[in-house]
Amino acid sequence: MILLENQVAVVTGASQGIGRAISLGLAAKKVLLFLVGRNGAALQEVAELARKSSPRVNALQCVPR
């Protein structure tokens, strides 16, 4: 088994679908997360869920110009 605790991951598309699932799966492994997505409300929801497991979660909404 690979230990991921305290490793860092950047997840794009974290606000929905596969990105959301990956984010929550990594959070369960205690990975330090940087979440990026376009839907701010959904991204914050994922971040709050991830914070229940991960020691550190940062979320950044990216809006196309």
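Guide: Leaving aside neighbours within four places in sequence, serine 23 is in contact (heavy atoms within 4.5 Å) with Val11, Ala14, Leu33, Leu35 and Val46. This is a predicted model, in which local features need pLDDT of at least 70 and side-chain atom pairs count only at pLDDT 80 or more, while totals for chains, interfaces and linings use all residues. Residues are numbered from 1 along each chain as its sequence is written, and side-chain values use heavy atoms, with hydrogens and water left out.

Serine 23 is found in helix 1, residues 17–28; helices (H or I, at least four residues) and strands (E, at least two) are DSSP runs, numbered from the N terminus. Serine 23 counts as buried because its relative accessibility is 0%, where buried means under 20% relative accessible area, exposed over 50%, and partly exposed in between, with a 1.4 Å probe and protein chains only.

Strand 1 (residues 8–12) and strand 2 (residues 32–37) pair in the parallel sense over five bridges, two strands being paired if DSSP finds at least two bridges between them. Between these strands the chain passes through helix 1, and this β-α-β crossover is right-handed; that is, with the strands pointing away from the viewer, the path from the first strand over the helix to the second runs clockwise.

Strand 2 and strand 3 run parallel and are joined by five bridges, and together with helix 2 they make a right-handed β-α-β unit.

Leu33 is also in contact with serine 54, as are Ala27, Val31 and Leu32, again leaving aside neighbours within four places in sequence. Serine 54 is found in the loop between helix 2 (40–51) and strand 3 (57–61), and serine 54 is buried because its relative accessible area is 7%. A polar atom of the serine 54 side chain lies 3.2 Å from the backbone oxygen of arginine 56, a polar contact being a pair of N or O atoms within 3.5 Å, where within protein one must be able to donate a hydrogen and the other to accept it, and residues adjacent in sequence count only if both atoms are side-chain atoms.
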